[in-house]
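Here is a short briefing on a protein model and its ligand. Have the structure open as you read.

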Amino acid sequence: MTAPQTDTPTLSLSDESNSSTSAPGLERTLQGSLLRPGDDGYEEARHVWNGMIDRHPAFIARCHSTADVIAAVNFAREHNLLLAVRGGGHSVAGYGTCDGGLVIDLAPMNDVRVDPATGEVRAGGGATIADLDRATQAYGLAVPMGVVSETGIAGLTLGGGIGWLRRKYGLSCDNLLAAEVVTAGGKRLTASATENSDLLWALRGGGGNFGIVTEFTFQAHPVGPEVMFVFTLHDGTRKREILRAYRDFCAAAPDDVSSFAICGDVPPEEAFPEAIHSHPYVLLAACYAGSVAEGKRILDPLRTIAEPLVDFSGPMPYLDVQTILDEDYPEGMRYYWKSLYLENLEDAVVDAVAGLDDRRPSPLSTVDIWHMGGAISRVPAEASAFGGRNAPYLLGVEANWEAAENDESNVAWVREAIDAMQPFSGGAEYLNFPGFHEGGETTMRSTFGSHYERLVALKAKYDPHNLFRLNQNVDPAEEKAAA
Ligand code: FAD
């Protein structure tokens with residue numbers, strides 16, 4: 001099984017651009033480089049993080065500046081090319097590449113500038129979480145981002161962004177103050193509270209539909225340099241009991257605590273005692289975004305819920321917390337992840353989650369429960385496009401495996417799991433964990449609810465011909481259909 005290309009009308013290369021040597025205009029204009037099949041570096045540059053995705057773009061424009069992005073957008077539009085936009089290349093669905101079209105790769109645009117006086121942070125559209133964390137922690141600051149530092153800030157923020165600070169400081173997109181955006185028409189716009197505020201509203205959770213963000217401006221907060229972090233593996237043969245205790249902990253947890261519970265199998269690695277290799281675990285992990293002493297006291301129950309298999313908890317540099325999971329998600333392995341917001345974690349839900357875990361076909365796969373709420377649910381729903389803001393829990397079902405021959409069983413496990421959990425959900429998904437976005441418009445409507453019509457209208461305003469379509473797509477044609 002290979003990942004399907006997003007189901008969109010086929011765009012063809014014009015005669016001119018179809019010849020592999022035919023982009024001299026763009027090549028001359030770019031400060032960065034333009035790669036074509038056969039060029040040195042093309043093979044490496046065409047790959048994205050998910051090994052399920054194997055595509056061959058006709059051109060890869062490695063952009064160094066906003067001017068480069070404008071030139072590449074104009075080239076794609078004028079030559080009717082299928083266009084993929086890549087920030088960190090960590091889209092699980094593989095949206096950062098395409099077959100036969102143009103990839104606009106912003107990786108070289110990863111500069112981060114911090115104003116320690118205001119806590120405002122400007123970051124290029126190709127920055128990773130690691131780039132952002134390094135620059136902000138130098139001043140004892142952090143912007144809420146995700147839990148794997150190699151992920152791009154662009155895709156993550158535009159889809160929402162949940163990590164170790166989410167319940168204290170909100171989603172990544174809640175901390176987005178402004179953005180510099182290149183539109184489908186090749187114009188540079190500012191989106192902020194005072195300029196094009198409708199565009200800022202859409203960027204906060206509406207995905208890459210509305211333009212290419214060349215620079216993000218975030219609000220950072222004082223964090224660390226050391227935080228209390230719990231990372232305790234409990235005995236997975238007792239998962240029902242442990243998940244119920246986790247739920248009870250979450251019910252009373254203050255907003256300083258952002259945590260999740262993950263069910264999986266202990267990898268046969270040196271970091272873990274040999275006696276527990278391949279044994280099922282429930283990992284309880286939590287970050288306390290306040291004083292270390294207070295964090296120790298508040299988080300202690302997560303460690304003592306039961307006799308742990310192994311406990312790596314303790315005060316830790318925030319930068320180490322941000323990279324602790326990096327090695328678990330190597331580039332090039334095969335991945336298929338979906339998600340569903342849960343209305344509660346009552347016993348029947350715990351039993352159903354445990355049942356999904358019992359059926360995991362790959363020992364590398366996991367079933368994850370993210371505790372949401374806190375600052376996320378205090379932002380008024382109308383303030384941003386993001387959908388699913390009030391759910392107390394998010395279920396992530398992550399298939400991770402190595403051999404292509406196991407594609408079908410792993411993808412089927414995730415799909416069946418999500419189907420089985422629908423009765424415990426209002427039907428909204430977290431669109432940064434979208435499978436291959438097979439749900440299309442139905443998923444978009446159930447996730448965005450009443451925001452969806454506004455997103456369609458804004459798409460028609462900023463990208464009426466759907467140039468930016470390789471994403472969790474909002475189709476501007478729906479507005480015409482409704483008119
Ligand atoms: P890309 O593949 O580069 O792009 C993803 C999407 O964003 C595409 O649709 C693309 O067109 C669009 N896009 C990219 N750059 C721009 C830009 N500059 N302007 C406009 N559109 C752009 N999510 C969380 O919330 N929390 C987590 O903790 C978390 N952990 C993850 C861990 C791993 C290992 C992975 C693979 C993903 C994780 N995610 C997490 C999901 C992640 O948020 C999404 O996969 C996200 O899309 C990655 O962004 P990217 O820029 O790396 O991806």
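Which backbone N or O atom lies 3.4 Å from an oxygen atom of the ligand? That atom belongs to Leu-156. Keep in mind that this is a predicted model.

**Ligand contacts**
- The side chain of Tyr-430 places an N or O atom 2.5 Å from an oxygen atom of the ligand.
- Ser-91 uses its backbone instead: a polar backbone atom there is 3.0 Å from a ligand oxygen.
- The ligand taken alone exposes 950 Å², and the protein buries 97% of that area.

**Shell around the ligand**

**Largest pocket**
- The largest pocket contains about 740 Å³ of space.
- Its lining is made of 28 residues. Pro-267, Glu-269, Phe-272, Tyr-281 and Asp-328 lie nearest the centre of the pocket.
- Four strands each supply at least two lining residues: E12 (226–235), E13 (257–265), E14 (280–288) and E19 (393–401).
- The lining of this pocket divides into 18 nonpolar, 4 polar and 6 charged residues.

**Buried arginines**
- Arg-36 sits in the loop between strand E1 (33–35) and helix H3 (42–46).
- Arg-36 has a relative accessible area of 10%, so it counts as buried; the cut-off is under 20%.
- The side chain of Arg-36 makes a polar contact of 2.9 Å with the side chain of Glu-27.
- Arg-389 occupies the loop between helix H13 (375–378) and E19.
- Arg-389 is also buried, because its relative accessible area is 3%.
- Two partners can be listed for the Arg-389 side chain. A polar atom of this side chain lies 3.0 Å from the backbone oxygen of Ile-376. The side chain of Ser-384 joins it through a polar contact of 2.8 Å.

**A buried glycine**
- Gly-94 is found in the loop between E3 and strand E4 (102–105).
- Gly-94 is buried, because its relative accessibility is 2%.
- Gly-94 and Trp-413 are 319 residues apart along the chain, and their C-alpha atoms are separated by 20 Å.

**Backbone geometry**
- The peptide bond from Gly-224 to Pro-225 is cis, with omega near 10°. Pro-225 lies in the loop between strand E11 (221–222) and E12.
- Asn-196 is not a glycine, yet its phi is positive, near 50°. Its place is the loop between strand E9 (188–191) and helix H8 (197–203).
- Asn-466 is another non-glycine residue with a positive phi, about 55°. The loop between helix H16 (451–462) and helix H17 (477–482) holds Asn-466.
- Are these two asparagines buried or partly exposed? Asn-196 is partly exposed, at 27% relative accessibility. Asn-466 is buried, at 7%.

Terms used
Residues numbered from 1 in each chain as written. Predicted model: local features only at pLDDT ≥ 70, side-chain atom pairs only at ≥ 80, totals over all residues. Heavy atoms only, no water. 1 Å grid on protein atoms, 1.4 Å probe; cavity = no way out; pocket = protein on both sides within 12 Å on 5 of 7 lines; lining within 4 Å. Points joined across faces, edges and corners; volume = space filled by probe spheres on them. Nonpolar A, V, L, I, M, F, W, Y, C, P; charged D, E, K, R; others polar. Polar contact = N/O pair within 3.5 Å; in protein donor to acceptor, adjacent residues only side chain to side chain. Areas by Shrake-Rupley, 256 points an atom, 1.4 Å probe, with all protein chains shown as cover. Buried < 20%, exposed > 50% of the residue type's maximum accessible area, 1.4 Å probe, protein only.
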